[in-house]
Amino acid sequence: MRKVLLAAVVALVIAGIGLWYFLTTAGSSYLADTLSGLAVWAEARLGDNAAETLYLKSLHYNPHSAKTRCALAALYEGQGRISASEALLTEGIEAYPSGTPLYIQLAELYTRSGKLQQALDVLDNAPAGYISTSISSKRPSAPAILPDDRPAGFASFSLDTLPGLIYYYTLDGTVPSADSQIYSAPVALESGRTEVRVVAVNASGLPSKSASYTFDINPRTVSAWEQSGGRSICPFCGAAMD
């Protein structure tokens with residue numbers, strides 16, 4: 001009888017240890033995933049407040065879940081709580097630097113909020129290695145700046161554009177911002193040294209790396225229309241006319 005009781009006690013102890021281990025490790029992750037799933041359901045059927053409560057409970061049990069953190073950040077952005085969304089994603093990056101979706105979503109949020117420079121900083125300063133490579137594969141390609149064929153003393157550039165992208169550019173070498181000019185047609189440049197810098201942004205707000213090209217245009221001293229190949233060359237803009 002004593003052996004039976006002893007065996008039962010040992011079994012209970014082992015079961016208790018196993019239950020404790022499950023609840024503190026795998027159990028926490030499972031509970032967090034369950035709560036996150038319920039939050040998605042609640043967001044569609046019960047409203048934002050219920051969903052927020054469940055997302056926060058889920059993050060309590062698994063603060064490293066990039067999926068849950070991104071979902072809650074999107075909920076905050078939809079409510080117009082931009083600062084709360086930024087803080088949640090930034091906190092996640094600091095605690096879990098290998099969470100690629102956090103960098104992507106924070107950069108897109110910054111761009112949509114008119115903070116293109118901050119978006120570029122987030123992506124360009126991501127940890128080297130897998131994270132940086134993964135982020136680069138999702139960003140639009142850096143714009144190709146194409147110098148146009150113009151007579152000596154004149155210059156312009158065009159961009160090799162792709163559908164669905166917006167191209168912001170500057171002519172002073174600074175990184176473009178949301179307030180910079182948007183490219184729509186070839187741009188004529190004045191004489192002197194000009195550094196063109198361009199960033200492409202996709203529909204969700206994810207920016208490319210910036211691209212740059214420096215033009216050194218020597219000023220010309222002309223007083224009248226010149227002739228080239230049977231065509232007249234404007235001394236002011238370099239345009240050719242028959």
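Two residues are in contact when heavy atoms of each lie within 4.5 Å. The model discussed here is predicted. In it, Leu72 touches Glu52, Tyr55, Leu56, Leu59 and Leu88, its neighbours within four places in sequence being left aside.

**Nonpolar cores**

Leu72 is also among the residues with the most contacts inside the largest nonpolar core, together with Leu89, Tyr103, Leu106, Leu123 and Ile135. This core comprises 28 residues. Two or more residues are contributed to the core by each of the elements α2, α3, α4, α5, α6, α7 and α8. Of these, α6 supplies the largest share, namely seven residues.

| Helix | Residues |
|---|---|
| α2 | 26–45 |
| α3 | 48–61 |
| α4 | 66–78 |
| α5 | 82–95 |
| α6 | 100–112 |
| α7 | 116–124 |
| α8 | 130–138 |

**Aromatic pairs**

The count of aromatic pairs comes to four. One of them joins Phe157 and Tyr169 in an edge-to-face arrangement, with 5.8 Å centre to centre and 80° between the planes. Phe157 belongs to strand β2 (residues 155–159) and Tyr169 to strand β3 (residues 166–170), so this pair ties together parts that are twelve residues apart in sequence. Phe157 and Tyr169 are both buried. Ring pairs also link these two residues with Tyr183, Tyr213 and Phe215 in a cluster.

Notes. Residues numbered from 1 in each chain as written. Predicted model: local features only at pLDDT ≥ 70, side-chain atom pairs only at ≥ 80, totals over all residues. Heavy atoms only, no water. Core = buried A, V, L, I, M, F, W, Y, C linked by side-chain atoms within 4.5 Å. Buried < 20%, exposed > 50% of the residue type's maximum accessible area, 1.4 Å probe, protein only. Helix = DSSP H or I, 4+ residues; strand = E, 2+ residues; numbered from the N terminus. Phe/Tyr/Trp six-rings, centres within 6.5 Å; stacked < 30°, edge-to-face > 60°.
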